[in-house]
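Visitor: Could we go through this model together? I would like to begin with the charged side chains.

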Amino acid sequence: MTGTAPVPFTADDYKARMDRAARQAADAGLAGLLVAPGPDLVWLTGYAPPAVTERLTLLVLAAGREPVLVVPTLEAPDAEKATGAPALALRDWTDGKDPYALAATLLDDRGRFGVSDNAWALHLLGLQQVLPDTSYVSLTEALPMLRAVKDAAELERLAAAGAAADAAFEEIRNVRFSGRRESEVAADLAALLRRFGHSQVDFTIVASGPNGADPHHEAGDRRIERGDMVVLDFGGLRDGYGSDTSRTVHVGEPTEEERRVHDLVREAQEAGFRAVRPGAACQDVDRAARAVIADAGYGDHFIHRTGHGIGVTTHEPPYMIEGEERPLVPGMCFSVEPGVYLPGRFGVRIEDIVTVTEDGGRRLNDTERGMVMVD
């Protein structure tokens, strides 16, 4: 199951994104945005340099001005092929010339600029040396919601990525767990994600028994035993958009306590999902899920936020955490993933990607959330 190819993004799509980013920058009091190679550049232009090197590549966006992409001359032919290239001007520079002097001609020499999180310190310092009166703020701090609200085409890709991850889970629950190393099951998961259309696998957490109490456990050489609870958390990119889902399975028959904790996390996950609606604060999702676990006496064992945004990266704003008061807006996509972690014993996490609709939320993952037993 690889599915049909999504409708390609067009030059007009990328132009609309660049225009929106420039407007939001101006509204935030910034002179413009400086975007280095990375997820933001791909999202704004469709261009991913063939290699990220010490040579300066920089997209300059400012309200009322044509977008400009500064690129090394040897990479200009690749940049010209990007889908978004017709919506911007290319300015290339050759080795031996000063790329920062070129970039400086495009910038307000006393401006404050938003800079993509992937920018190298080398390049930012180079700009500061040429333009000492400029100042900078990270894009995540200045415009955290820039990529948060997805359009219909983006939602379609996220739904397809979620369905592919679900298909991988349906397959992995039928493989043998007992007696095999965590790393072997993780390799199976990675292969399944690729079989179902993922071009990139970002993580395949397989945390068995006591390892399940570590939310970010790296699959290792521990042999999975009968009686183990096993946390599976996996995802990556399919057609440029992310998947991320968690299910907790049990090898053989679980104990009464293991069932009780698993049911508790499932109830918390459902409460978090039901809190999703337009206008609710991000923290409301966290509060709803966390209250269920705290009321049952396990509050100290829920040790991470309830969710994170997802899009062209698997972790991005918004975050479902206490103190995040931004309202939910239709088109936002994020995880709802409460967990309980009992050190030295076991852990349970259940995670779906959810998108905000006009009147609530819609899950992009729909595999069994109840206790699944494996061999």
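Visitor: Which residues are linked in a network of salt bridges?

Guide: The network joins R247, E270, R274, D352, R363, D366 and R369. A salt bridge here is a side-chain nitrogen of Lys or Arg within 4 Å of a carboxyl oxygen of Asp or Glu. Please note that this is a predicted model, in which local features need pLDDT of at least 70 and side-chain atom pairs count only at pLDDT 80 or more, while totals for chains, interfaces and linings use all residues. Residues are numbered from 1 along each chain as its sequence is written, and side-chain values use heavy atoms, with hydrogens and water left out.

Visitor: How many salt bridges does the count come to?

Guide: The count is 25 salt bridges by this rule. One of them joins the side chains of D233 and R349, at 3.0 Å from N to O. That pair connects distant parts of the chain, with D233 in strand β8 (residues 229-238) and R349 in strand β15 (residues 346-349), 116 residues apart. Helices (H or I, at least four residues) and strands (E, at least two) are DSSP runs, numbered from the N terminus.

Visitor: Is D233 buried or exposed?

Guide: D233 is buried, at 6% relative accessibility. Buried means under 20% relative accessible area, exposed over 50%, and partly exposed in between (1.4 Å probe, protein chains only).

Visitor: What about R266, with which residue does it form a salt bridge?

Guide: R266 pairs with D263, and their closest N and O atoms are 3.4 Å apart. The two residues are separated by about one helical turn because they lie 3 residues apart in helix α9 (residues 256-274). R266 is partly exposed at 35% relative accessibility, and D263 is partly exposed at 37%.

Visitor: And which residue meets R326 in a salt bridge?

Guide: The side chain of E324 does, at 3.0 Å from N to O. R326 counts as partly exposed, at 33% relative accessibility, whereas E324 counts as buried, at 15%.

Visitor: Turning to the rings, how many aromatic pairs are there?

Guide: The structure holds 3 aromatic pairs. In one of them, F9 and Y14 are arranged edge-to-face, 6.2 Å centre to centre with 75° between the planes. Rings of Phe, Tyr and Trp (its six-membered ring) pair if their centres lie within 6.5 Å; planes under 30 degrees apart count as stacked, over 60 as edge-to-face and the rest as tilted.

Visitor: What sits over the ring of F9?

Guide: The charged end of R157 does, 4.0 Å from the ring centre. Elsewhere, R290 lies over the face of F302, 3.9 Å from the centre of that ring. The criterion is NZ of Lys or CZ of Arg within 6 Å of the ring centre and within 35 degrees of the ring normal.

Visitor: Now the strands. In which sense do β11 and β12 pair?

Guide: Strand β11 (residues 307-309) and β12 pair in the antiparallel sense over 3 bridges; pairing requires that DSSP finds at least two bridges between the strands. They form a hairpin with 6 residues between them, and H308 stands opposite Y319 in β12.

Visitor: Why is β12 largely enclosed?

Guide: Strand β12 (residues 316-320) is largely enclosed by the rest of the structure because 4 of its 5 residues are buried.
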